[in-house]
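Please have the sequence and the coordinates open as you read.

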Amino acid sequence: MADGISITFAPVGRAGGGDLVVFVGDDLALGSAAREVLGQAGTDLVARAAASEQFKGRAQTALVLPAPAGVEADRLVVVGLGSDKDRATIEWPMLGGFTAGKVPGRRARVLLDWPGAEIGGREAADFALGARLRGYAFDRYKTKKKTDEDKGGTALTLMLADHAAAEVAGQDSAAVAAGVMLARDLVNEPPNVLYPAEFARRAAELTKLGVEVEVLEPARLRELGMGALLAVAQGSAREPRVAIMRWTGGRPGDAPLALIGKGVVFDSGGVSIKSAGGMEDMKGDMGGAAAVVGTLHALAARKAKANVVGAIGIVENMPDGNAYRPSDIVTSMSGQTIEVINTDAEGRLVLADILWHTHQTYKPKAMIDLATLTGAIIVALGQDIAGMFSNDDEISRCLHAAGEATGERVWRMPLIPAYDKAIDSKFADMKNTGGRHGGAATAAAFLKRYVNDTPWAHLDIAGVAMSSTSSEINKSWGAGWGVRLLDRLVRDHYEAR
C-alpha cells in the first residue's frame, strides 16, 4: 500500500512553504532557476555550509539546512548528483526515490534544475515514479499507532519548465507505480489471507479498469485436463484457481502478447518438504503471478495501445494425505506425461498447463512466463538480476533492452539440448527435475516442451521477487519486480503506433 505520498507538477517559482530541494554536482554549482529562487545570500549559504560540513556533492548524498532568510521555505535540502559522468547517466527513478527519502512525511518543492540539465516531461515522470515507489510501506497488520510523521504523508511539488509535459507523462508513471505497488501488496500478504480463491478475486478487480477477467474453478480445470496443476493442488484444503486477464487496447484482431505467472501462494515443498528455516518466505512463491497482475493493472490504467493476455495458475503446495508423491505420474493438459521426482519442483507443473492453455487458446505472438522457480538461479546470479531462458533471439533482445532501461535487469542463460535430455524419464515422457546440476536450466528445458514454436522467454525471478535487495525505490520485502520491465517492453515493442 502507498504511504500517503502525493505528487504534483508546477512551473518554477518561489518555494511557498515546506522544504525546498535543489541539486548540485560535485562542483557545487546551482542551476539558474535555483540561484534565482535562493538569491545571492542563499547561494552563498550553500557554499559556506558545504565547506563546513565537507559536503562534496557526490551522488546520493544530501545536505539539510535551515532555509536562508528571504526564501519562503522551512528547510533547504541540497541533493548531490556527482560528477559530469554521473549526471550524464542519471537513473531518474533512483534519484526520485533518494530525494523522497530525504523529506519523509513533509511537504516539499523540488526544483528540477542544475547547470547543463535538459529535463523534460519523461525525466520528471520517472523521478515521480521513483518517489512514489519509495513511499510504499506494507503495514496493514501493524496495530501500534503510527507516528505523526507517518500519518502526515509526503507531498512533493516537482517544479520544472516543461511542467505541462510532465503532467501528461506523470499520469502514465503513476499507473505503473500503482501496478508495482499492487504486485508488492500481493507478494507481502500472508498466505492465510491470500489463498487461491482470494488471489483470483483480487485479479478479478481489474475489471474496474476495463480488463476482461475469467476465473477458472476446479471443475473447469478438470474439464480442460490440467492434470499437472491439479496434482500440485491436491494436498491442500484450498482449491486452485486459474485467472485469465485480457486487455484489448491494441488493433482489433492483432494477436496478443501473453504473460504467464506462477502463483504458488504457499510452497511447503509438499511431501518433499522444505526445511523449516526460511519456509516462511514461501508465501512469496507467487511473485510471478503478482507481476502479471500488476502489469495488467499498469497497462489498463494508462490505456496501453496493445493486446495483452495474462494467465496465472494459483495453487497451494501442501503435504496432507492426499498430496501427490514422488514417483507419481501425472498427465498434463498437453497430453504429455510427467514423472514426479520431487514434489518441491511444483512450479513448472503449474506453468506447464498454463503455458499450453495460453498458446492453444489465444495464439499469442509471443509468451513470457515469470516464476520464482529455482534456488539455482540465485546461486548463479544473486539477487539483483533475473535469469532469462528463451527460444527466440528477438524477444530476448527486447527484454534485455527493457531491463537496462528500467533497472530490472535480465541475463540470458543457455538452453541447449543436453538440458532437455536431462529431463527424459524411464517411465513417462519426462520427469519434473533433472537433478542438482544446472537446475535452473533443466527447469527451463521442461517449460520449453509446452510452448511449441511460439516465441517464448522464461524469467526465473527467484532472486529478485522476494526478500528483495533494498534500494532507493524499494524498501519492501516484496519488490513487485517485473512490472516496470514488462510495461517498458510493451511500450517499446508491442504498442500500436
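The model is predicted: local features need pLDDT of at least 70, side-chain atom pairs count only at pLDDT 80 or more, and totals for chains, interfaces and linings use all residues. Residues are numbered from 1 along each chain as its sequence is written, and side-chain values use heavy atoms, with hydrogens and water left out.

## Helix packing

Helices (H or I, at least four residues) and strands (E, at least two) are DSSP runs, numbered from the N terminus. Axes are lines fitted to C-alpha atoms, for helices over the stretch in contact, and angles run from 0 to 180 degrees between N-to-C directions. H6 spans residues 163–188. H10 covers residues 287–301, and H16 covers residues 483–493.

| Helix pair | Angle | Axis distance |
|---|---|---|
| H10 and H16 | about 45° | 9 Å |
| H6 and H10 | roughly 155° | within 8 Å |
| H6 and H16 | about 140° | 9 Å |

Angles under 35 degrees count as roughly parallel, over 145 as roughly antiparallel, 65 to 115 as roughly perpendicular and the rest as oblique. H10 is therefore oblique to H16. H6 and H10 are roughly antiparallel to each other. H6 and H16 are oblique to each other.

A crossing is left-handed if the near helix is turned anticlockwise from the far one by less than a right angle, and right-handed if clockwise. H10 and H16 cross in the right-handed sense. The crossing of H6 and H10 is right-handed. The crossing of H6 and H16 is right-handed.

## Who touches whom

Contact means heavy atoms within 4.5 Å. For classes, Ala, Val, Leu, Ile, Met, Phe, Trp, Tyr, Cys and Pro count as nonpolar, Asp, Glu, Lys and Arg as charged, and the others, Gly among them, as polar.

Take H6 and H10. Among the H6 residues in this contact are Ala-175, Val-176, Leu-182 and Leu-186, and the H10 residues include Gly-287, Val-293 and His-297. The contact has 12 nonpolar, 4 polar and no charged residues.

Next, H10 and H16. Ala-291, Gly-294, Thr-295, Ala-298 and Leu-299 of H10 meet Val-483, Leu-486, Asp-487 and Val-490 of H16. By class there are 6 nonpolar, 2 polar and 1 charged residues.

Last, H6 and H16. H6 brings Asp-172, Val-176, Gly-179, Val-180 and Ala-183, while H16 brings Val-483, Arg-484, Asp-487 and Arg-491. The residues of this contact divide into 4 nonpolar, 1 polar and 4 charged.

## Annotated sites

UniProt positions are given in the numbering used here, feature names are shortened, and annotations may be inferred rather than shown by experiment. For the pocket, a 1 Å grid is laid over the protein atoms alone: a cavity is a set of points where a 1.4 Å probe fits but cannot get out, and a pocket is an open set with protein on both sides within 12 Å along at least five of seven lines; lining residues have an atom within 4 Å of a point.

An unreviewed UniProt entry places a "binding site" at Lys-262, Asp-267, Asp-285 and Glu-346. These residues spread over 85 residues of sequence but cluster in space, with a largest C-alpha distance of 11.5 Å. Lys-262, Asp-267, Asp-285 and Glu-346 belong to the lining of the second largest pocket. Asp-267 lies in strand S9, residues 257–267.

The unreviewed entry also gives "active site" for Lys-274 and Arg-348. The lining of the second largest pocket includes Lys-274 and Arg-348. Lys-274 sits in the loop between S9 and H10.
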